[in-house]
Amino acid sequence: MIDDHVFFDDTAAKRAIGRKIRAVRLERGLSRLKLGDLVGVSDHQIMKYELGQDHVSAGLLWKICSILRCPIDSVFVLTEPGRTAPEPAQDDAPLPDEEAILAAFRRITAPEVRMRVARLILSLAQAERDG
């Protein structure tokens with residue numbers, strides 16, 4: 001029966017997947033150009049994926065998620081408009097690479113905040129070393 005089926009809105013899915021890719025890319029501190037270079041497509045094509053204008057093939061999605069260190073299934077958590085997806089548990093969240101961390105640190109403009117972040121990192125590293 002037709003009522004037993006859930007209909008899938010293809011346009012909404014493309015947009016939701018694109019928004020997720022963009023959010024994770026920005027979270028990792030990567031430009032569209034850099035992500036495009038890493039996966040082998042133009043930055044314009046990355047923009048079209050992020051805007052939901054083009055489908056992302058399964059193979060390319062796998063590659064994008066691998067580069068972004070993002071669980072591939074997380075891009076399929078679609079939510080209703082106005083609602084957000086549940087945040088993953090902190091232990092399940094992938095760690096950003098050093099390049100993304102450094103890029104985020106460089107975006108901090110207040111000298112006192114930069115100093116506090118640097119001291120925090122150094123003290124955590126020292127505590128880890130001291131065991």
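Colleague: How many salt bridges does the structure hold?

Modeller: This is a predicted model, so local features need pLDDT of at least 70 and side-chain atom pairs count only at pLDDT 80 or more, while totals for chains, interfaces and linings use all residues. Residues are numbered from 1 along each chain as its sequence is written, and side-chain values use heavy atoms, leaving out hydrogens and water. With a salt bridge taken as a side-chain nitrogen of Lys or Arg within 4 Å of a carboxyl oxygen of Asp or Glu, the structure holds three.

Colleague: Which residue forms a salt bridge with glutamate 50?

Modeller: The closest N and O atoms of the pair are 2.6 Å apart. The bridge links distant parts of the chain, 25 residues apart, from helix α3 (residues 43-50) to helix α1; helices here are DSSP runs of H or I, at least four residues, numbered from the N terminus. The partner of glutamate 50 is arginine 25.

Colleague: Glutamate 27 forms a salt bridge with arginine 28. Is arginine 28 buried or exposed?

Modeller: The closest N and O atoms in that pair are 2.7 Å apart. Glutamate 27 has a relative accessible area of 55%, so it is exposed. Arginine 28 has a relative accessibility of 7%, so it counts as buried.

Colleague: And lysine 48, which residue does it bridge to?

Modeller: The closest N and O atoms there are 3.6 Å apart.

Colleague: What do the buried residues of α1 pack against?

Modeller: The buried residues of α1 include Ala13, Ile17, Ile21 and Arg25. Counting contact as heavy atoms within 4.5 Å, they pack against α2 (32-39), α3 and α4.

Colleague: Which helix gives the largest share of the lining of the second largest pocket?

Modeller: A pocket is an open set of points on a 1 Å grid over the protein atoms alone, where a 1.4 Å probe fits, with protein on both sides within 12 Å along at least five of seven lines; lining residues have an atom within 4 Å of a point. This one is lined by 14 residues, with Lys14, Ile17, His55, Val56 and Phe76 nearest its centre. Both α1 (10-27) and α4 (58-68) supply at least two lining residues. The largest share, five residues, comes from α1.

Technical notes
Buried means under 20% relative accessible area, exposed over 50%, partly exposed in between (1.4 Å probe, protein chains only).
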